[in-house]
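Here are a few notes to read alongside the model. Have the sequence and the 3D view open as you go through the points.

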Amino acid sequence: MGRMIVFMGPPGAGKGSLSQQCRAHYGWKQLSTGALCRKHIIEGTSIGKQIDFAIQSGKLIPDDLMVSMVKDWLKEHASADESVILDGFPRTLRQAELLTDLLKKEMPGYELVIIKLAVEDDVVVRRLGGRAICKNKDCQAVYSLYELSSLAPKVPMTCDLCFSVLVSRADDESSSIRERLRAYYASTDQLVEFYYVQGIEICELDANRVPEQIFLEFDQKISAQR
Ligand code: AMP
């Protein structure tokens with residue numbers, strides 16, 4: 001049975017880098033809803049034009065639009081014998097309800113696993129201040145520009161994976177960071193409550209630490225669940 005593994009956590013919690021490690025170690029597929037949104041914007045699609053402003057200012061895009069993008073992606077990429085990471089989805093109560101509905105009615109072969117990356121605000125602000133991503137819309141790998149970080153690129157400002165240039169994200173400006181943190185905290189309690197009522201355990205990781213330690217804790221916890 002495949003697992004649908006949801007990574008919850010504020011921006012900068014390390015959802016993207018944990019996803020990258022899971023892809024490398026387990027070969028799982030990853031849907032980053034943020035990366036999918038940015039891809040639409042770069043490609044100038046009609047969805048991209050609708051969401052450009054919201055993304056730049058750190059606001060969430062409308063639930064129904066987000067859910068239909070996720071459904072389309074899952075139909076194309078997911079198969080029930082493989083695990084899939086949902087990096088950054090669901091983020092609102094409505095999205096969580098629609099995901100549960102989708103799993104029940106259309107994808108019953110999946111078990112839902114919720115992982116919450118808990119991190120202090122000041123750690124987030126520092127991390128985002130040094131974050132860069134690969135400019136290639138089909139890659140968007142995450143890096144840290146802090147030299148001592150294990151997420152620093154091997155060659156300055158160059159992606160280790162596809163050798164494209166690294167760029168800062170427009171929404172990593174400090175004004176957007178505050179809005180994104182606010183949006184995260186505004187909806188998280190409702191999500192936690194929703195899964196509690198459903199009887200789905202939320203597995204919390206201490207995400208204040210370096211990526212290798214976060215992955216180690218994740219690996220131990222996910223292996224214990226098998
Ligand atoms: P992320 O890369 O996860 O930080 O997401 C970047 C931006 O994409 C967010 O600030 C939102 O504008 C948008 N976005 C990503 N995932 C969602 C979602 N599940 N619901 C609504 N908007 C989202």
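1. Start with a pair of cysteines. The sulfur of C134 sits 3.4 Å from the closest cysteine sulfur, the one in C162, and that is too far for a bond. A disulfide here is a pair of cysteine sulfur atoms within 2.5 Å. C139 is in no disulfide either, the nearest cysteine sulfur being that of C159, 3.8 Å away. Searching the whole structure turns up zero disulfides.

2. A word on what you're looking at. This is a predicted model, where local features need pLDDT of at least 70 and side-chain atom pairs count only at pLDDT 80 or more, while totals for chains, interfaces and linings use all residues. Residues are numbered from 1 along each chain as its sequence is written, and side-chain values use heavy atoms, with hydrogens and water left out.

3. Back to those cysteines: are they buried or exposed? C134 is buried, at a relative accessible area of 1%, whereas C139 is partly exposed at 22%. (Buried means under 20% relative accessible area, exposed over 50%, and partly exposed in between, with a 1.4 Å probe and protein chains only.)

4. Now the ligand. It has 15 residues around it, and T33, K59, G88, Q95 and R169 come nearest (near means that a heavy atom of the residue lies within 4 Å). By class, this shell holds five nonpolar, four polar and six charged residues; Ala, Val, Leu, Ile, Met, Phe, Trp, Tyr, Cys and Pro count as nonpolar, Asp, Glu, Lys and Arg as charged, and the others, Gly among them, as polar. Helix α2 (residues 33-43) gives the largest share, three residues. Helices (H or I, at least four residues) and strands (E, at least two) are DSSP runs, numbered from the N terminus.

5. For R91, the distance to a ligand oxygen is 3.0 Å, and for R169 a ligand oxygen is 2.9 Å away. Taken alone the ligand exposes 480 Å², and the protein buries 97% of that (areas by the Shrake-Rupley method with a 1.4 Å probe).

6. K15 is worth a look. This lysine is in helix α1 (residues 15-26) and counts as buried, at 8% relative accessibility. Leaving out residues up to four places away in sequence, K15 touches F7, M8, G9, P10, D87, G88 and L117 (contact means heavy atoms within 4.5 Å). D87 is 72 residues from K15 along the chain, yet their C-alpha atoms are separated by 6.2 Å. A polar atom of the K15 side chain also lies 2.9 Å from the backbone oxygen of G9.

7. S176, in helix α7 (residues 174-198), is buried too, with a relative accessible area of 5%. Its side chain reaches the backbone oxygen of Q56 at 3.0 Å.

8. Most residues other than glycine have a negative phi, and most peptide bonds are trans. F89 and P90 are joined by a cis peptide bond, with omega about 0°; P90 is in the loop between β3 (84-87) and α5 (93-105). M157 has a positive phi of about 55°, and F163 has one of about 65°. M157 belongs to the loop between β6 (142-144) and β7 (166-167), and F163 also lies in the loop between β6 and β7. M157 is partly exposed at 37%, while F163 is exposed at 65%.

Terms used: Polar contact = N/O pair within 3.5 Å; in protein donor to acceptor, adjacent residues only side chain to side chain.
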